[in-house]
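Hi everyone, thanks for coming. Let's walk through this structure together, with the picture up on the screen.

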Amino acid sequence: MFLLLISLSSCAYYLKHEEKSFLSWMRANNQFYTGDEYQIRFGIFLSNLRLIKEHNSNNKGFTVGLNRFAAYTPSEYKEFLGFRMKRAKSDAPVKSSKKKIDFSFDWRTRGIICSVKDQGQCGSCWAFSAIEAAESSYVISTGVCVLFSAQNLVDCVTTCSGCNGGLMTEAYDYVMQNQGGQFCRDDSYPYTAVEGTCKYSDAEKVGRILRYINIEEGNEDDLCDKVKDIGPVAVAIDASNWSFQMYSSGIYDEPSCSPTNLDHGVLLVGYGI
């Protein structure tokens with residue numbers, strides 16, 4: 001009986017300590033729960049916290065930690081990922097590389113990347129991936145960093161689904177066919193993380209896209225060549241794993257990451273280690 005009481009006391013202390021962590025997390029992330037939902041979210045939080053501690057104790061080369069998704073289930077988290085795969089081939093040309101690839105390259109060291117953006121609780125990664133590649137190309141061409149509007153694409157690209165996902169290539173096709181190749185400035189068409197009515201005609205325009213090219217599927221040398229010679233590339237990755245949901249720092253290397261089941265649009269700014 002004495003040993004049982006000690007065990008129960010330790011368990012109660014652990015839950016009380018972790019509940020303080022949960023309350024701090026809610027305040028830090030402006031996510032507040034009450035009643036039954038509080039208990040459900042607290043349970044999810046505890047499960048993720050256990051996995052975080054287990055992962056970080058194994059020194060796998062990258063760390064995970066508590067972030068805004070710490071009280072979400074994997075299926076809820078995946079709703080925020082907005083890349084929608086299509087197996088149909090794009091009409092854009094593919095120009096394969098035959099060059100010898102440098103060991104490493106990073107556009108961040110050249111002042112090309114304007115900013116790291118936050119899509120919020122909207123599956124608009126496709127729009128951010130598209131505009132960030134276009135922004136980078138604009139900086140390379142003009143030497144001036146101007147933020148392009150992701151909200152313009154979320155609201156206006158009829159071939160994509162706003163906060164429910166889309167494709168970067170379809171965004172570019174729409175801009176070339178319906179916006180004269182021009183993007184809106186972010187300061188005149190700011191991001192709201194909610195799909196709204198298209199206001200392209202009222203916003204200040206910037207840049208002009210005339211064409212884009214594709215990477216040869218499965219050819220990493222071609223991808224590296226395009227990144228170095230042309231600029232940062234709009235790509236899609238598999239972000240569905242729990243380790244990506246809780247990613248914190250380091251070089252992300254997930255053995256179960258799929259090279260074909262892609263669900264998140266991002267910007268590739270370099271390669272190497």
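I'll start with a term that comes back throughout: a residue is buried when its relative accessible area is under 20%, exposed when it is over 50%, and partly exposed in between, using a 1.4 Å probe and protein chains only. Now the ground rules. This is a predicted model, in which local features need pLDDT of at least 70 and side-chain atom pairs count only at pLDDT 80 or more, while totals for chains, interfaces and linings use all residues. Residues are numbered from 1 along each chain as its sequence is written, and side-chain values use heavy atoms, with hydrogens and water left out.

First, the overall picture. The protein chain has 8 helices and 8 strands; these are DSSP runs numbered from the N terminus, with helices being H or I of at least four residues and strands E of at least two. Of its 273 residues, 41% count as buried. Take the contacts, meaning heavy atoms within 4.5 Å, between residues at least 6 apart in sequence: 73% of them join residues at least 24 apart.

Helix α4, residues 125–142, reaches 25 Å from its first C-alpha to its last, close to the 26 Å expected for its 18 residues. That expected span is 1.5 Å times one less than the number of residues. Since 13 of those 18 residues are buried, α4 is largely enclosed by the rest of the structure. Gly 143 follows α4, with a positive phi near 80 degrees.

Now over to helix α7, residues 220–229, where the buried residues are Asp 222, Cys 224, Asp 225, Lys 226 and Val 227. What do the buried residues of α7 pack against? They pack against β2, β5, β7 and β8. At the start of α7, a side-chain oxygen of Asn 219 comes to within 3.1 Å of the backbone nitrogen of Asp 221. Just after the helix, Gly 231 has a positive phi of about 145 degrees.

On to the cysteines. A disulfide is a covalent bond between the sulfur atoms of two cysteines; here it is counted when the two sulfur atoms are within 2.5 Å. How many disulfides does the structure hold? There are 3.

One joins Cys 114 and Cys 145, with sulfur atoms 2.0 Å apart. Cys 114 sits in the loop between β2 and α4 and Cys 145 in the loop between α4 and α5, so this pair ties together parts that are 31 residues apart in sequence. Both ends are partly exposed, Cys 114 at 22% relative accessibility and Cys 145 at 43%.

Another links Cys 122 and Cys 163, and it is left-handed, with -95 degrees about the S-S bond. Cys 122 is buried at 1%, and Cys 163 also counts as buried at 17%.

Then Cys 156 is joined to Cys 198. The torsion about that S-S bond is about 95 degrees, so this disulfide is right-handed. Cys 156 lies in helix α5, and Cys 198 in the loop between β3 and β4, 42 residues away. Cys 156 is buried at 2%, whereas Cys 198 is partly exposed at 37%.

Cys 184 is in no disulfide either, with the nearest cysteine sulfur, in Cys 156, 6.5 Å away. Finally, Cys 184 is buried, at 0% relative accessibility.

Methods: Polar contact = N/O pair within 3.5 Å; in protein donor to acceptor, adjacent residues only side chain to side chain.
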